[in-house]
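Hi everyone, thanks for coming.

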Amino acid sequence: MGALVWLLIAVPLGTGAVLACTGRRGDRLAPAVGIVAASVTLVLAATAAVLRPAVSVPLFAGIDAGLAVDGLSAILVVTVATITLAVLVFATVELGPGRARARFTGLMLLFAGAMLVTVTATGLAVLLMGWEVMGATSWALIGYWWHQPHRVRAANVAFVTTRAADLGLYLAAGAALAGGVSTLALPALPDVSRPWLTVLTAGIVAAALGKSAQLPLHFWLSRAMEGPSSVSALLHSATMVAAGAYLLLRLQPLLAASGWGEPVVAWTGAATALVLGLVAVAQTDLKQLLAASTSAQIGFIVLAAGAGGVAAGTMHLVAHAATKSALFLAAGAWLTALGTKALPALRGAARRYRLVGVTFTVAAAALAGLPPLSLWVTKDAVLAAALQRSPWLYAVGLAAAVMAAVYSTKAAWVLWQPEPADAEAGWDTEHAGTRRVVVSAPPALVFLAGSAAVLGILALPPVMQVWSNAPGNASSPAVWELTLSALLALAAASVTWWWGDRPIPVPAAARRWAGQWLRFEHAADVLAVRPVMVLARGLAAFDDRALHRIVLAVPAAGLWLARLINRGAESPVDGLVRLAAQTARGLGSLARRPQTGQLHQYYAQAAVALAVLALFLVFVR
Amino acid sequence: MLSLIVFLPLVAAAVLAAVPASVGRRVFAVSWVVVAAADLALVVAAWIGYDPSGGMAYEQQLPWIPTAGVSYHVGIDGLSLPLVAVTAGLFLACAIYSLRQTHRVKSFVLLFLGLQTVSQGLFTALDLILFFVYFDLSIVGMYFVIARWGHGSAKRSALTFFLYTFIGSLALLLGFIGLSLAAQPHTFDIVALARAAPLAGSGAYGALVLLAIGIGLAIKTPTVPFHTWLPPAHTDAPAAGSAILAGVLLKMGTYGFVRIAMPLLPETWRQYASVVVVVGVLSVLYGALVALAQEDFKRMIAYTSVNHMGYIILAVGAAGILAGSDEQARSLAVTGAVTQMVSHGLLTGALFLLAGILYDRRDSYDMSAYSGLAGPAPVFAGVTGLVAFASLGLPGFSGFIAEFQIFTGSLASATVATALALLGILITAGLLLRALHRVFLGSLRIPDAPGAARDFTDLRPSEAASILPLLAMAIAIGVLPRFLLDVIEPAATALIGMVGR
């Protein structure tokens, strides 16, 4: 039993590591090996979802490394494994022979494996390990085309931004230990004593919101688009952004225990869903539009976690994963065929490649919340939970749902327009298109779009009873809520379709602002990156010019002092010694004078001495 | 056993010294590899025979200067065994890396063999005077390595290094004498002094002794503001010298804290632990920020060493603050600190050897002169990328195992300092990614070097054989840390008990 969960993470991580290290030699075999490994992982994930294995081994003193598949994890491991397989099947199209496929496939497997570690971890330490490895592999995947500096810069922005948020998890681990939960086990975290509970919750929330590209750290997701479309399809659906949402769903009891966590998370999610919905509408690039919609849709899951709707949030996560991966793969298929992802240039693309167009449209309709597709049901389950907390939360969520209908329809409308005569002029801006959709693309697209359509059945109460651990908190939407959101979505979609590409009556500055993702990246650059660089340069200059000089000044001062002593003390002392020697020599030669060797002179000297002595005795005594 | 590990390289050096230099450089280079490998094998055997729960092992004590209380006393426990192992591993890596060395090979090999004895001796010494002798000799040995085989302004850097660290060692000696005088009877034996803790309740005298020892060790570690000898010494040292300097010699400072300062002066240590914490967090942030601004690849790595050493200082300081933390947290912090010594030894050693390749090929460490090296040298780029990610604390590598324990264990007792130190891993991430981007990614640009071909040769076999094992060890510790932590943890817990007296 225990071996199952080890295998589940070891197969993708091990295969991925080996593939990534083979270099160009492994390119030929890599797609096949990758698909086999992903298939095995899927089988293992499905088995684990049924058998629910759990293992635990010691990691640090008092802290175990535990992996387990429970209700929530079961759904996620199956989702992650399924989407990884579908994306890898598709990726053989996007990255044809001659590309560095071994590196790509290996990193994708590592990426998915890290997500599997994250969702099966039973404690903060192992969760953080999966979490960070996922971030690092996303860096390598976003910067896959490393020859182009702007792509590497984008990868750097994505990694540094998410790692800034990840610091919250380090903080949370320390706070959990300080607050008395020495095992760092996730279920025990709500028992942490105050005030550490506040630190712990703040750390978890910051890390999760950053990873899930929620306001105000949403901008990294825009930059993450620089990677291949297959990467986007995985990163935006079942991994990376989903990890933050998963963490909040998993630790919902912690949010509840903290007292302030639930409303903060719920409102952040709702605000992101609405604002990034607006941003998505303002995009003129298909992949950017989809990226903004990812932030917005993950916002619904975050809202669910904050509103206590764990089951609803999980359903939305799964349904969105299928939907979004289908959309990105379709966008990737067009990008490969036509060499562009700019919306105006893609006019008529759906007519040219009909199967891609149809699958894209099904997924877009699901994204729009049109009945009876999956996201319609799951989103309403989330909103039902929100309504139990606050009608305002519900209202904002509903407005965000309307935005989803608008941006989805906008994309579909452009794609189904008749192809203009000069269409080719807009193509091949990213790279030379192949003008065809390769055979392995349709199965992946059809499967994912089909899932996007039907996954709503997860929300049917009898089905939900089967997989949900906590039947009590499953908030089913009322009939009026379903009807209301369906009507709103239909109305918004119809109006958008009718409106077409006529300009929207808002100031151009506002459109541009939304188009640039609210320019938060610029703000982060001005407020954080540049000051840090200035500080760093200043300190480096201080280090070289002041601190090191002081150190060098010590021996210099020593030398100076030595010279001073040499001149100021050594010479006078030496002089004194010389003087003494000269005096002694002078005295010596004086003393030699009486030594004449003549007897009569000695007598005379003795007489004078005696006379002096006699005089001395007479006068002094 | 221990004396064999310590003196095997020295004996080998004595034998090799008798061989005339005219027999060819291969003889010396290959015998160095053989001796280093034999030493590593001995250390592995010692590790296998070591019982972690048994405390000090392989002890040996012979009278040396009995009238002064000085003896030849050696032994290893969970704090020193990992460092002895890293030392043996790093010297072997340097031996393999230096197979291609051509300049004055005989004296180079003799000097490094001597340095290995000195380093192994220091980590096994259980007598303050013995420790001091090795401490000083390491400075002398490294001075000659930098001055004779360095480049740039090597003589000047070597002299700065020598004078600065020598002053530190004098402060250390002063502190040792102070400690010995306080003990009745006078002794320099570390085990006896740790048992007696002679300066308990001595107030200002104890503080002065700790100050002297602290400054001596802080210069060697180095911590801010005593670090300025490090960047020039590293920049101008040969690659193998840099690897040993960063991987082994810096550990002598941090090892001194856990072997001498903490257990011998427990009460004073607790009293001034907050000062240590502040110095630690300053080193973390200052080192990271200054590294971010560097243009020279090797200098940048040197400053990240200051940053990494800062985490150790933070942890040992936090382990001295009893308020707010339980024994588990403090033990985690100390275990993390020792793991960080091992991890930094492996990773920074590897990074300096990699930097040496840059200089070997193109005579320059200037990051702005290179770009897109991943094209002509994919293995070099891939290995550097992995080591860089390991160095920034990515899970799956040893750095994470160390830093996670340090942060988790230190947060309770030094909350604000640890939270600030967390920023260090973010800045390190930024600067290493920036360096990878500048040197290895983007379009190809290689500086011209006189007499060199226009391409950039990828890792040679001897280079790969020296660097990859270091990386493999870092991964082994990162994925399966228990084999290391099982050794360190009991010793860390024992140390915490001593500090808590």
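This is a predicted model: local features need pLDDT of at least 70, side-chain atom pairs count only at pLDDT 80 or more; totals for chains, interfaces and linings use all residues.

The UniProt record, an unreviewed entry, annotates residues 1-17 of chain B as "signal peptide". What does that stretch look like in the model?

Moving along chain B, we get to a pair of strands. Strand β1(B) covers residues 57-65 and is joined to β2(B) by six bridges, with the two running antiparallel. If you want one pairing to look for, B:Gln61 has B:His73 as its bridge partner in β2(B). The two strands make a hairpin with four residues between them, and in that turn you'll find B:Gly69 with a positive phi of about 75°. Is β2(B) mostly covered or mostly open? Mostly covered: β2(B) spans residues 70-76, and five of its seven residues are buried.

Next up, two helices in chain B. Helix α3(B), residues 81-97, and helix α4(B), residues 105-124, have axes that come within 9 Å and cross at roughly 170°. Anything over 145 degrees counts as roughly antiparallel, so that's what we call α3(B) and α4(B). On the α3(B) side, the contact is made by B:Leu83, B:Val84, B:Thr87, B:Phe91 and B:Cys94. From α4(B) come B:Phe112, B:Gln116, B:Ser119, B:Gln120, B:Phe123 and B:Thr124. Sort the residues of that contact by class and you get six nonpolar, five polar and no charged.

Now, how do the chains meet? The contact takes 43 residues from chain B and 40 residues from chain A. On the chain B side, several helices supply at least two residues each, among them α6 (154-182), α12 (273-292), α14 (327-362) and α19 (482-499). Which helix gives the largest share of that side? That would be α17(B), with eight residues. By class, the side of chain B that touches chain A has 27 nonpolar, 14 polar and two charged residues.

Last stop: the backbone of chain A. Some background first. Most residues other than glycine have a negative phi, and most peptide bonds are trans. With that in mind, take a look at the bond from A:Arg194 to A:Pro195, which is cis, with omega near 0°. A:Pro195 is in the loop between α6 (149-178) and α7 (196-211) of chain A. There's also a cis peptide bond joining A:Leu215 and A:Pro216, with omega about 0°, and A:Pro216 lies in the loop between α7 and α8 (219-223) of chain A.

As for positive phi, A:Met240 comes in near 50° without being a glycine. You'll find A:Met240 in the loop between α9 (229-235) and α10 (241-250) of chain A. Why does A:Met240 count as buried? Because A:Met240 has 29 C-beta neighbours inside 10 Å, and 20 or more is the cut-off for buried.

Then there's A:Arg519, also not a glycine, with a positive phi of about 55°. A:Arg519 sits in the loop between α22 (508-515) and α23 (520-592) of chain A. With 15 other C-beta atoms within 10 Å, A:Arg519 is partly exposed.

Key: Residues are numbered from 1 along each chain as its sequence is written. Chains are lettered from A and ligands numbered from 1 in the order in which they are written. Axes are lines fitted to C-alpha atoms, for helices over the stretch in contact, and angles run from 0 to 180 degrees between N-to-C directions. Angles under 35 degrees count as roughly parallel, over 145 as roughly antiparallel, 65 to 115 as roughly perpendicular and the rest as oblique. Two residues are in contact if their C-beta atoms, placed from the backbone, lie within 7 Å. Ala, Val, Leu, Ile, Met, Phe, Trp, Tyr, Cys and Pro count as nonpolar, Asp, Glu, Lys and Arg as charged, and the others, Gly among them, as polar. A residue is buried if 20 or more other C-beta atoms lie within 10 Å of its own, exposed if 12 or fewer, and partly exposed in between; C-beta atoms are placed from the backbone. Two strands pair if DSSP finds at least two bridges between them. UniProt positions are given in the numbering used here, feature names are shortened, and annotations may be inferred rather than shown by experiment.
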